[in-house]
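Student: I've just opened this one. Take me through it, starting anywhere you like.

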Amino acid sequence: MCRGLAAIGTTGVLAREDGHMISRGSMLDAILEGLGDGVFIIDRNFQILEANSYARQIHGIEGEELKGCHCYEVSHGFDEPCWITAPLHHRCPVLEAMETGSVSRAVHIHNDGHGGVKYVELIAFPVKSPDGEVDKVVEIIRDITEQKLMEERIARVERLETIGTLAGGIAHDLNNILTPIMGNAEMAMMELGSSHPVRARLEAIFSAARRAATLIEHILAFSGRHRIETREVALNEVVENLMPFLKGVLPSSGAIELEFRPGQGLPSISADLAQLEEVLINLVVNARDAILRKGDGGAITIETSMVSLYDEKCYTCGFQMRGDHVRMSVTDDGEGMSDHVKARIFEPFFTTKEIGKGTGLGLAAVTGIVHQHLGHITCDSVPGDGTTFSIYFPAG
Ligand SMILES: Nc1ncnc2c1ncn2[C@@H]1O[C@H](COP(=O)(O)OP(=O)(O)OP(=O)(O)O)[C@@H](O)[C@H]1O
Ligand SMILES: [Mg+2]
């Protein structure tokens, strides 16, 4: 017999050598509560017989009694078992363990009880009654949300890299084709003079080619193949000088206020002035559109500050940002974004604007420019409340 345990009584009471008596039930309860995973014990009617605190925590129903509730109500908010309500989406490991008598595993998305979801890995162990029938299932529920989000983030970064390489290659070649088209159209216009009847056609060619060139510029910026010329610039000065232009892109009614709150004592950053302005213009135009989509008016705030980062991750490259950075953020109180939209905003050609209203290249270009400056970008958004884009440039 192992040390310390003197006898196991038929009553389920464990007698220890130190004289203390503990019941088997209370020992099992303590084990269940101590586990780092959620546990449901479920009967053949899919009713929960036992649930430990961690299972309650995962489903956001702490403190409430779960005994007697159906597992499909708690996990998915369904009125009927998952295999009736959503048979194609839910291979139910509890049902499988009951039917096959074997251990069954699955990854599901469960309600977190606060309007969100948790990714959970489920392992269902069948428990047999003395007559050999499975009459219960012990379901272990492991919260793998963090891991899933990390996988999604890595997949998103890899997808963006692949698209960037492909798009950058095409844009580079197209640029080479476009240069002689624009150059020759311009020279022909000069040679023909302003009154020649063919001039209007040449002007149409030239302006279409220029629109194409702007698109290509954005793609090159996104793919990091843009030639940038950096020099030491004072970020506050750049923003201050651009303010009149930025105000010019807002509605003339004055319904949208634009404020600049410069941080004090910022070091200069190494940047390409024109590209930096491009970033600001894109962010402010997006902020304006988000405010107009929500209603008639609102506020946009540009802030600069010095920050020391330890734990923050870049939303687009996935790298951990560490050390001193100069931050430039653009905040609006516009319509905000759902997580679904937010996950795709940096993809080139992703837009929620009407056809013809947006190319979906603005943020893709911003990302490329920021990364070429060895900077990072994050986005915080609350649907209905607004959005903040923050850009971090290495300080010094
Ligand atoms: N501040 C913001 N608030 C809410 N949604 C935003 C904001 N900024 C960007 N978005 C979302 O991200 C999408 C992509 O933005 P992006 O700037 O890349 O392209 P676009 O603005 O749609 O088109 P373009 O920049 O070519 O005019 C937008 O269509 C919008 O759905
Ligand atoms: Mg845009």
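Student: Which residue stands opposite Ser305 in E13?
Tutor: Arg327. "Opposite" here refers to strand pairing, which requires at least two DSSP bridges between the two strands. Strands (E, at least two residues) and helices (H or I, at least four) are DSSP runs, numbered from the N terminus.

Student: And how many bridges join E12 to E13?
Tutor: 10, with strand E12 (residues 298-309) and strand E13 (residues 323-332) running antiparallel.

Student: Before we go on, what am I looking at?
Tutor: It is a predicted model, where local features need pLDDT of at least 70, side-chain atom pairs count only at pLDDT 80 or more, and totals for chains, interfaces and linings use all residues. Residues are numbered from 1 along each chain as its sequence is written, while chains are lettered from A and ligands numbered from 1 in the order in which they are written.

Student: What does the chain's pLDDT average?
Tutor: 87, and 93% of the residues score at least 70. pLDDT is the predictor's confidence in each residue, from 0 to 100.

Student: Where does it stay under 50?
Tutor: Over residues 1-9. The model has 10 contacts for that stretch beyond four places in sequence. A contact means C-beta atoms, placed from the backbone, within 7 Å. By element, strand E1 (residues 5-8) has the lowest mean pLDDT, 43. Strand E10 (residues 256-261) has the highest, 97.

Student: OK, back to the strands. What order do they take in the sheet with E10?
Tutor: E10-E12-E13-E15-E14, an open sheet of 5 strands with mixed pairing. E10 and strand E14 (376-382) are the edges; each has a single partner strand, so one side of each has no neighbour in the sheet. The twist averages 20 degrees from one strand to the next. Axes for such angles are lines fitted to C-alpha atoms, for helices over the stretch in contact, and angles run from 0 to 180 degrees between N-to-C directions.

Student: Which helix packs on it?
Tutor: Helix H8 (residues 235-248). H8 touches E10, E12 and E13, and its direction makes about 165 degrees with that of E10.

Student: What about E15, mostly covered or mostly open?
Tutor: Mostly covered: 7 of the 9 residues in strand E15 (residues 386-394) are buried. Buried means 20 or more other C-beta atoms within 10 Å of the residue's own; 12 or fewer is exposed, and in between is partly exposed, with C-beta atoms placed from the backbone.

Student: How many residues sit between E14 and E15 in their hairpin?
Tutor: 3. Gly384 in the turn has a positive phi of about 85 degrees.

Student: Switching to the core. Which members of the largest one touch the most others?
Tutor: Val279, Leu283, Val366 and Ile391, out of 43 residues. Helix H9 (residues 273-294) gives the most to this core, 8 residues. Domain 2 (149-222) and domain 3 (231-394) each supply at least three. A nonpolar core is a set of buried Ala, Val, Leu, Ile, Met, Phe, Trp, Tyr and Cys residues joined through C-beta atoms within 7 Å.

Student: Why does Ala287 count as buried?
Tutor: Because it has 28 C-beta neighbours inside 10 Å. Ala287 lies in H9. Not counting residues up to four places away in sequence, Ala287 touches Ile300, Val330, Asp332 and Gly334.

Student: And what is Ile391 in contact with?
Tutor: Leaving out neighbours within four places in sequence, Val279, Arg327, Met328, Val370, Gly375 and Ile377. Another core, of 22 residues, lies apart; its members include Cys92, Leu122, Ala124 and Ile141.

Student: Which domains does the assignment give?
Tutor: Domain 1 (35-143), domain 2 (149-222) and domain 3 (231-394). The bounds come from an automatic or database domain assignment. The C-alpha centres of domain 1 and domain 2 are 55 Å apart.

Student: Last one: what is the pairing in the E5-E4-E8-E7-E6 sheet?
Tutor: Antiparallel, in an open sheet of 5 strands. Strand E5 (48-51) and E6 stand at the edges. The twist averages 25 degrees from strand to strand. E6 (residues 104-111) and E7 (residues 117-128) pair over 8 bridges, with His110 opposite Lys118. In the hairpin of E7 and E8, Gly132 takes a positive phi near 90 degrees.

Technical notes
Two residues are in contact if their C-beta atoms, placed from the backbone, lie within 7 Å.
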